[in-house]
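Here are some notes to read alongside the model. Take them in any order you like.

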Amino acid sequence: MDDLSGKHFCPEHATCPDEATLLALADGELHDPALAAQVGQCATCSHRLAHLRQLQASLHQRLYRLFCPSSDTLLWYRQGWLPPERATLVEHHLQVCPHCAAEFALFERSLGGADAWQGPGRYTSTRPIR
Ligand SMILES: [Zn+2]
Ligand SMILES: [Zn+2]
């Protein structure tokens, strides 16, 4: 079995971070500007980091859909019919998931009216997904 942690793949620099560290950097888990700058200096590692970032992005995209509430749930949330603890989950999800935010915005438009949702307001800024 291949253990990624501690594995050093950079042939040029012994000081370059290992795979696990690069992954943490790509994920934003590890915030280390000095290390990021060092990786930027190394063609091998910055290329590797870009690749890992891409992987992470597509992974997150799939996760979005995996944890997405159904349209019914969104509608229920919009109508205020969800129990508070689920409403909180949906509210948080809408702030991080552009897919559902877009769907929710659609509900808003079709249901509309004076009682328009007054929430965090980030759901209107649907950025294009890569
Ligand atoms: Zn390197
Ligand atoms: Zn979602």
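The points below go from the overall fold to single residues.

1. Ground rules. This is a predicted model, where local features need pLDDT of at least 70 and side-chain atom pairs count only at pLDDT 80 or more, while totals for chains, interfaces and linings use all residues. Residues are numbered from 1 along each chain as its sequence is written, and chains are lettered from A and ligands numbered from 1 in the order in which they are written.

2. The overall fold. You'll find six helices and zero strands in the chain, so the pattern along the sequence reads α-α-α-α-α-α. Helices here are DSSP runs of H or I with at least four residues, strands are runs of E with at least two, and numbering starts at the N terminus.

3. Of the 130 residues in the chain, 16% are buried. That word is used for a residue with 20 or more other C-beta atoms within 10 Å of its own; 12 or fewer makes it exposed, anything in between partly exposed, and the C-beta atoms are placed from the backbone. Looking at contacts (C-beta atoms, placed from the backbone, within 7 Å) between residues at least 6 apart in sequence, 53% join residues at least 24 apart.

4. Where is the largest nonpolar core? Its eight residues are Leu 74, Tyr 77, Val 90, Leu 94, Cys 97, Cys 100, Ala 101 and Phe 104. Two or more residues each come from α4 (71–79), α5 (84–96) and α6 (98–111), and α6 gives the most, with three. There's also a second, separate core of seven residues, among them Cys 16, Leu 22, Leu 23 and Cys 45. A nonpolar core means a set of buried Ala, Val, Leu, Ile, Met, Phe, Trp, Tyr and Cys residues joined through C-beta atoms within 7 Å.

5. How α4 meets α6. These two pack at an angle of about 55 degrees, with axes 10 Å apart, and that makes α4 oblique to α6. Axes are lines fitted to C-alpha atoms, for helices over the stretch in contact, and angles run from 0 to 180 degrees between N-to-C directions. Under 35 degrees counts as roughly parallel, over 145 as roughly antiparallel, 65 to 115 as roughly perpendicular, and the rest as oblique. The contact involves Ser 71, Leu 74, Leu 75 and Arg 78 of α4, plus Cys 100, Glu 103, Phe 104, Phe 107 and Leu 111 of α6.

6. Glu 108. This residue sits in helix α6. Glu 108 counts as partly exposed because 16 other C-beta atoms lie within 10 Å. Its C-alpha atom is 8.1 Å from that of Arg 78, which is 30 residues away along the chain.

7. Helix α3 on its own. (The expected span is 1.5 Å times one less than the number of residues.) α3 is hardly covered, with two buried residues among its 25.

8. How α1 meets α3. Helix α1 (residues 19–27) packs against α3 at about 55 degrees, with the axes 9 Å apart, and the pair is therefore oblique. On the α1 side the contact includes Leu 22 and Leu 23, and on the α3 side Cys 45 and Arg 53.

9. Is Arg 53 buried, exposed or partly exposed? Arg 53, in helix α3 (residues 43–67), is partly exposed because it has 16 C-beta neighbours inside 10 Å. The C-alpha atoms of Arg 53 and Leu 22 are 9.5 Å apart, though 31 residues separate the two along the chain.

Notes. Contact = placed C-beta atoms within 7 Å.
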